[in-house]
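Dear colleague,

Please find the structure below, handed over for your work. My notes on what was found in it follow directly after.

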Amino acid sequence: MNPMSIRDALNNPPRESFSSSEPLSVVGVCLDEETWTVLKQFAESAPLIKLRTHVSEYRVQDTDAVTDWLGDPPPDICIVDFDRDRRRAAAAAELIHSAAPETAIFAVSTDAQPDLIIQAMRSGCSEYLLKPMGREQLLNSVARVGGRRRERLQPFKAQVLAFMGAKGGCGVTSLVTQLGALLANSLSKKTLVVDLHPDFGDAALYLGLTKYKYHFFELVENNDRLDAELLNSFLARHSSGLELIPAPEGNDAPRRILPGAVAQTFDFLRMRYDYILVDMAPGLSDENLEMIRHCDQLHVVTVAEVSALRNVVRHFDYLTRKEIPQERFRVILNRHQKRGLISDGEIEKTIGQKIFWKVPNQYAHVVKAINGGDPIALISSSEVTKNLKEMASTLGAKPGAAEKKKESSGFLGLLGR
């Protein structure tokens with residue numbers, strides 16, 4: 001958990017008020033009598049919350065489903081007292097956060113030590129309230145939850161387009177950053193690039209962006225506190241108008257991402273952009289699979305090499321078994337040469353569908369853009385940029401149904417078996 005969480009937990013400024021036709025439902029867990037009385041008085045005097053029940057035990061080893069004792073649907077807010085048994089309170093908060101990720105969890109305690117606040121935040125708490133719980137403190141926290149609920153009710157806007165290499169070195173990051181800059185600059189689309197590499201992502205480097213504080217996985221950890229102000233602190237901005245949420249730099253400890261957290265984060269991001277381009281690491285990690293299930297289109301970037309094409313076949317076979325629709329898949333052939341050793345026809349027979357886009361092989365121009373930290377300005381007149389401008393104008397269009405696999409022949413036919 002980054003230091004920002006501690007500061008925000010104790011010093012979050014009041015946010016704009018929210019209006020809602022229905023009050024926020026609240027469940028208390030092991031609250032002392034004074035705190036429960038404050039909640040009841042608050043609920044009686046303001047139509048912002050409605051108390052549902054008070055659970056007198058932490059229920060951390062309960063075999064019943066969480067919704068059995070929180071209620072179904074889960075409440076908007078669950079307030080957990082950390083003073084009676086801090087270890088069991090943290091375990092209960094983590095259980096609630098895992099089973100009901102859209103429920104905001106408030107920790108309440110008399111202890112404001114930073115390490116204890118961090119422990120509560122890591123357990124899934126989005127707010128840390130100090131006893132005796134004051135009306136203004138509670139009002140601000142409830143208003144933040146109400147604001148996030150109002151935002152979730154807005155219709156999704158952005159197309160989420162994922163890009164993954166058939167193997168390392170296929171040029172995914174270069175394609176994503178150039179396409180993103182073109183969408184933002186040439187087509188005036190509000191565009192975000194998310195670097196989903198778990199470490200050592202290069203999107204920030206390719207864009208010449210070196211000043212940023214936080215990375216995407218920290219945003220995911222704070223997904224239940226997401227609002228416009230928090231998001232703004234995570235964004236790095238390029239001169240083209242493109243915005244970026246970078247990857248970790250590689251010196252962070254591995255992070256355990258709760259199921260559904262990536263999708264929930266992208267649900268929030270969708271409401272603020274026209275396009276979201278996701279630079280994914282090769283492979284089928286849990287985060288990648290969740291992203292593939294959630295995106296509108298998956299672009300698998302390959303080159304005309306036997307090992308890369310074999311991986312395209314393997315990826316599509318695996319994802320099809322996972323019941324991901326084939327029409328969501330698109331293949332981009334990078335570094336394309338018209339007279340390559342493997343013809344376009346052989347490639348399409350092998351992968352069982354048409355090549356969506358062919359990016360010409362202009363390696364020197366691409367390296368020039370990478371070294372300059374500007375994806376479009378230095379090579380604006382090159383063939384590859386013209387090609388990517390055409391591609392950018394087609395992104396987000398609904399793809400046609402993928403063609404049925406054809407029986408392959410020749411030496412590449414062995415890869416489809």
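Predicted model: local features only at pLDDT ≥ 70, side-chain atom pairs only at ≥ 80, totals over all residues.

**Findings: backbone, sheet and rings**

Phe 200 has a relative accessibility of 57%, so this residue counts as exposed. Phe 200 is located in the loop that runs between strand E7 (191-195) and helix H8 (203-206). Its phi angle is near 55 degrees, which is a positive value in a residue other than glycine.

A second residue of this kind is Arg 335, where phi is likewise near 55 degrees, positive although the residue is not glycine. Arg 335 belongs to strand E12. Its relative accessibility is 33%; because exposed requires over 50% and buried under 20%, Arg 335 counts as partly exposed.

One runs from Asp 72 to Pro 73, with omega near 5 degrees; Pro 73 is in the loop between helix H3 (66-70) and E3. Another runs from Lys 131 to Pro 132, with omega near -10 degrees, and Pro 132 lies in the loop between E5 and helix H6 (135-152).

**The chain as a whole**

The protein chain has 417 residues, and 53% of them count as buried. Its secondary structure consists of 16 helices and 13 strands. Among the contacts with a separation of 6 or more, 78% are between residues 24 or more positions apart. The chain exposes about 19,100 Å², of which carbon and sulfur atoms supply 49%.

**The five-stranded sheet**

In what order do the strands of the open sheet of five run? The order is E2-E1-E3-E4-E5, and the pairing is parallel. Strand E2 (49-55) and strand E5 (127-130) are at the edges; each has a single partner strand, so one side of each has no neighbour in the sheet. On average, neighbouring strands of this sheet are turned by 25 degrees against each other, with direction ignored.

Within the sheet, strand E3 (residues 77-81) pairs with strand E4 (residues 104-109) in the parallel sense, over five bridges. In one of these, Ile 77 has Ala 104 of E4 as its bridge partner. Helix H2 (residues 33-45) packs on the sheet and touches strand E1 (24-29), E2 and E3. The direction of H2 makes about 155 degrees with that of E2.

**Aromatic pairs**

How many aromatic pairs does a search of the whole structure find? The search finds five. One of them joins Phe 216 and Phe 266, with 5.6 Å from centre to centre and 50 degrees between the planes, and this pair is tilted. Phe 216 lies in helix H9 (residues 216-221) and Phe 266 in helix H11 (residues 261-270), so the pair ties together parts that are 50 residues apart in sequence. Both Phe 216 and Phe 266 are buried.

The rings of Phe 316 and Phe 329 form a pair with centres 4.7 Å apart and planes at 10 degrees; planes under 30 degrees apart count as stacked, so this pair is stacked. Phe 316 is in helix H13 (residues 306-321) and Phe 329 is in strand E12 (residues 329-336), and the pair links these distant parts of the chain, 13 residues apart. Phe 316 is buried, as is Phe 329.

Ring pairs also join Phe 216, Phe 217 and Phe 266 into a cluster.

The buried residues of H11 are Ala 261, Val 262, Ala 263, Gln 264, Thr 265, Phe 266, Phe 268, Leu 269 and Arg 270.

Phe 268 also takes part in a contact with a charge: Arg 272 lies over the face of its ring, at 3.9 Å from the ring centre. In a further case, the charged end of Arg 330 sits over the ring of Phe 356, at 4.0 Å from the centre of that ring.

Yours sincerely

How values were computed: Residues numbered from 1 in each chain as written. Heavy atoms only, no water. Helix = DSSP H or I, 4+ residues; strand = E, 2+ residues; numbered from the N terminus. Buried < 20%, exposed > 50% of the residue type's maximum accessible area, 1.4 Å probe, protein only. Contact = heavy atoms within 4.5 Å. Areas by Shrake-Rupley, 256 points an atom, 1.4 Å probe, with all protein chains shown as cover. Phe/Tyr/Trp six-rings, centres within 6.5 Å; stacked < 30°, edge-to-face > 60°. Lys NZ or Arg CZ within 6 Å of the ring centre and 35° of its normal. Pairing = 2+ DSSP bridges. Axes fitted to C-alpha atoms, helices over the stretch in contact; angles between N-to-C directions.
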